[in-house]
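Work through the two exercises below with the model open. Each task is followed by a solution in steps.

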Amino acid sequence: MYNIPFSPPDMTEAEAQAAAAAVKSGWITTGPKVKEFERQIADFCGTEKSVCFNSATAALEMTLRLLEIGRGDEVITCAYTYTASASVIDHIGATIVLVDCAPDSFEIDYSKLGDAITEKTKAIIPVDLGGVMCDYEKLYAVVEDKKDLFTPANDMQKAIGRVAVIADGAHVFGAEQKGKMAGSVADFTSFSFHAVKNLTTAEGGAITWNNIDGIDNEWIYKQYQLLSLHGQSKDALAKTQLGAWEYDIVSLAYKCNMTDIMAAIGLVQLSRYKGMVERRHQIIEMYNEVLHKAGIETLTHKTEDSKSSGHLYLTRVPGITPEQRNDIIIKMAENNIACNVHYKPLPMMTGYKTLGFKIEDYPNAYNQFKNEITLPLHTRLTDDEVKYVAETFVKCVSEVTGK
């Protein structure tokens with residue numbers, strides 16, 4: 001009998017040895033491994049620089065703070081996402097503006113996005129769900145069309161010249177769209193290296209950004225360093241240089257830096273990553289072959305001009321109720337297969353209800369949620385296990401629906 005977890009990390013002896021070497025090196029906090037990981041992430045994504053953090057949430061929040069967005073400003077994101085896409089907006093004191101999905105889509109409704117942009121809008125956080133990149137051509141067309149409403153509050157906002165596009169790319173590291181890698185399409189892109197992500201450092205995240213005319217990338221990099229380490233003018237590594245103990249606190253900033261132990265694991269994961277993504281797509285194709293024949297809808301991971309990172313295998317079973325969806329998940333668990341739901345829309349969560357959001361205002365998000373089931377998709381699955389998951393899923397759906 002198989003026992004199939006939802007998303008275990010794919011770790012090898014090489015990651016264990018790299019972490020151990022970092023521990024034994026005597027340097028375990030932010031240091032040379034982090035700097036090398038940042039260089040390799042930027043090279044992988046096709047950007048000049050990247051910065052590592054202890055989470056993608058921190059990467060998102062520090063970007064909003066870099067742009068000096070705050071009280072009196074509005075930031076837009078999609079109602080169909082995990083809380084981190086929106087909670088960071090609240091953290092900085094700005095107003096959360098949620099936009100519904102498009103009908104029969106997990107992506108934000110681009111046709112409604114323009115109506116949500118006001119004179120107070122400073123940024124949009126699109127969500128690259130499941131590893132599939134949003135339609136950035138449509139998104140940029142909307143923000144360009146609304147440029148006349150934009151009033152910059154500082155030099156960096158002025159240099160961008162419109163609402164900033166800050167992608168929640170927590171799922172999308174390694175995806176491609178029209179010849180560009182994720183991380184080099186949005187103005188800024190945050191990545192997650194959490195334990196369940198394709199590439200993991202146990203916890204962790206990173207930010208990449210496109211060049212901004214008139215703003216020096218080295219200056220941006222330095223601002224991120226200050227934001228992630230208490231506003232301290234020297235990091236711990238720099239302070240170890242002879243006679244270099246003295247430092248300044250230039251702002252009352254935050255603490256969200258990555259450690260060398262995490263980066264050492266990440267460097268090994270990155271060296272294996274292209275093969276891991278290819279394996280994910282093999283699994284997706286095997287699932288599709290079985291599930292599409294059974295009339296089960298799935299997230300599209302590959303088109304003529306795009307390829308996802310293959311992070312999540314989202315399915316929708318047409319016509320089922322939320323109760324039937326839960327029954328299917330229970331039946332899968334009885335067959336030793338762990339499934340999940342991505343996501344319960346934010347307006348259904350207590351914290352967002354408290355802010356006044358109502359799911360009735362986001363009918364498309366609710367329709368996507370009510371019959372969604374996410375199957376295991378990870379590189380520790382064997383072909384036989386993939387076949388077992390797919391065939392068992394079809395059987396459980398039939399047992400619950402009677403079809």
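**Exercise 1: the largest pocket**

In this predicted model, helix α3 gives the largest share of the lining of the largest pocket, 3 residues.

Task: Describe the volume and the lining of the largest pocket.

Solution.
1. Start with the volume, which is about 470 Å³ for the largest pocket.
2. Next, find the centre: 28 residues line the largest pocket, and the closest to its centre are Tyr 82, Ala 170, His 171, Lys 197 and Tyr 343.
3. Then look for elements that give two or more residues to the lining; these are α3 (56-66), α4 (84-91) and β8 (188-192).
4. Finally, sort the lining by class: 11 residues are nonpolar, 13 polar and 4 charged.

**Exercise 2: a helix pair**

Task: State how helix α11 (residues 322-334) and helix α14 (residues 383-401) pack, and list the residues that make the contact.

Solution.
1. Take the geometry: the axes of α11 and α14 are 9 Å apart, and the packing angle is about 135 degrees.
2. Classify the angle. Angles over 145 degrees count as roughly antiparallel and 65 to 115 as roughly perpendicular, so α11 and α14 are oblique to each other.
3. Assign the hand: α11 passes α14 in a right-handed crossing.
4. List the contact. From α11 come Gln 324, Asp 327, Ile 328, Lys 331 and Met 332. From α14 come Val 389, Thr 392, Phe 393, Cys 396, Val 397, Glu 399, Val 400 and Thr 401.
5. Sort these residues by class: the contact of α11 with α14 has 7 nonpolar, 3 polar and 3 charged residues.

Key:
Residues numbered from 1 in each chain as written. Predicted model: local features only at pLDDT ≥ 70, side-chain atom pairs only at ≥ 80, totals over all residues. Heavy atoms only, no water. Axes fitted to C-alpha atoms, helices over the stretch in contact; angles between N-to-C directions. Helix = DSSP H or I, 4+ residues; strand = E, 2+ residues; numbered from the N terminus. Parallel < 35°, antiparallel > 145°, perpendicular 65-115°, else oblique. Left-handed = near helix turned anticlockwise from the far one by under 90°. Contact = heavy atoms within 4.5 Å. Nonpolar A, V, L, I, M, F, W, Y, C, P; charged D, E, K, R; others polar. 1 Å grid on protein atoms, 1.4 Å probe; cavity = no way out; pocket = protein on both sides within 12 Å on 5 of 7 lines; lining within 4 Å. Points joined across faces, edges and corners; volume = space filled by probe spheres on them.
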